Amino acid sequence: MEVEERNVSSGYAKPPWIFKGRQIHLVKASTARAFIPKEFRLVEAFGYTLGGFFLASYDDSPAGVFDELVMIAGIVWNPPTSCAWAARVLVNSNEACHHGRKEVGLPSQVARFSKKITAVPKRKRERAFGFLDTFGLGTTLSHPEDLMEVKVSEVDSAASANICNIQIRSNESETKLGKWMGPAIKMSLPSFSGNTKFNPNLLKYSCHIHCRVRPVSPAVVSKPLEDEADKNHTSQESLENERRLSVAVMLSKPIIALQFKDLTMQVEAPVVVHPSV
C-alpha cells in the first residue's frame, strides 16, 4: 500500500482529537470479510481473525459526553504490521456520528444506550491462570458486586432497531480506595477506514492511548428477539443483514476482556491510502 501524506481536514476541531473514557472490552471475532474492502488481505488463521468490540463512555471529547460501541470486524495486513477495521460504530451523539462519518470514514450510526445496574450476590474470589498470574493480575478477576446491563438500539430516521444487550459485571475491588488498577501503559492502535457513502476514500489513522489496564471477566452479549414487523420491510433487508453481521462479530467467542481506566485517547487525522498497482 502507498500512503499519500495528506491529512483529511476536520470539520469541528483541529486534530489530534482527545477522548477520555472508562472501559474497553475486547473479544475474539470470526472472519468478517463482508465488511473489509477487497484491496486488503485479512489476517487469519484456521478460519478466524482477531476482532471483537469495545464499549466506552467518554467524559470529555470535542463532541461532549457520549457513549460508543465499536464493532471490530477483524485485522488486515499493512506490512510490516497490521491494522483494525471497524464493522460498525454506534454513538449516542449526532455530532460524533457526523464527525466519524465525514472526517474519519467510520461506519457510524446514531444509537440509544439504555443502562441499568442490578446488585448481585458476591461470588467466591477466583484466580486467573497462566501468563496473567505472572504479572500479578490474576487476583483481581471475578469479584462481582454489580451487574450493568446495556441495551443498544440503533436509530434509523424515525425508526429504531434493537441491536444487542451487553451484561458487564463490576468488581468489588474497583470501589476500594487505593486498590491497584493495573499498570499504566501507552500504545498506538493503527486502523483503516473509509470506503463508505459518506467518505469513499480509503483512510488510515492511529489512536494513541494512555491508560491503566487489567483483565476482567468478559462481557456477556445477547441478541434481542427480532421484530416481526421489521422482517416484512424488504426495502430494509440490506440494512438488517448488515446489522446481523455486525452483531455476529460481538457474539463470537471471547478470548480476553480488558478494562481501561483513566483513559486518554488521542485520534490523529487520517491520511488517504492508495492501493499499490
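Ala56 is buried, at a relative accessible area of 5% (buried means under 20%, exposed over 50%, partly exposed in between; 1.4 Å probe, protein chains only). Ala56 sits in strand β5, residues 52-58 (strands, E, of at least two residues and helices, H or I, of at least four are DSSP runs, numbered from the N terminus). The C-alpha atoms of Ala56 and Val70 lie 8.6 Å apart in space, at a sequence separation of 14 residues. The model is predicted: local features need pLDDT of at least 70, side-chain atom pairs count only at pLDDT 80 or more, and totals for chains, interfaces and linings use all residues. Residues are numbered from 1 along each chain as its sequence is written, and side-chain values use heavy atoms, with hydrogens and water left out.

Salt bridges were assigned where a side-chain nitrogen of Lys or Arg lies within 4 Å of a carboxyl oxygen of Asp or Glu. Six were found. Glu149 pairs with Lys116, with the closest N and O atoms 3.8 Å apart. Glu149 belongs to strand β9 (residues 144-156) and Lys116 to strand β8 (residues 108-119), so this bridge ties together parts that are 33 residues apart in sequence. Glu149 is partly exposed, with a relative accessible area of 27%.

A second bridge joins the side chains of Glu154 and Arg243, at 3.2 Å from N to O. Glu154 lies in strand β9 and Arg243 in helix α4, so the pair connects parts that are 89 residues apart in sequence. Glu154 is buried at 1% relative accessibility. Arg243 is buried at 5%. Arg243 also meets Glu240 in a salt bridge, at 2.7 Å from N to O. Arg243 and Glu240 are three residues apart in helix α4, so about one helical turn separates them. Glu240 is likewise buried, at 15% relative accessible area. A network of salt bridges links Arg88, Glu154, Glu240, Glu242 and Arg243.

Helix α4 has 15 residues and reaches 21 Å from its first C-alpha to its last. This is close to the 21 Å expected at 1.5 Å a residue (1.5 Å times one less than the number of residues). Its buried residues are Glu240, Arg243, Ser246, Val247, Val249 and Met250.

Ile256 is placed in the loop between α4 (237-251) and β14 (257-267). Ile256 is partly exposed, at 30% relative accessible area.

The structure holds zero disulfides (pairs of cysteine sulfur atoms within 2.5 Å). Cys83 is buried at 1% relative accessibility, and Cys207 is buried at 11%.
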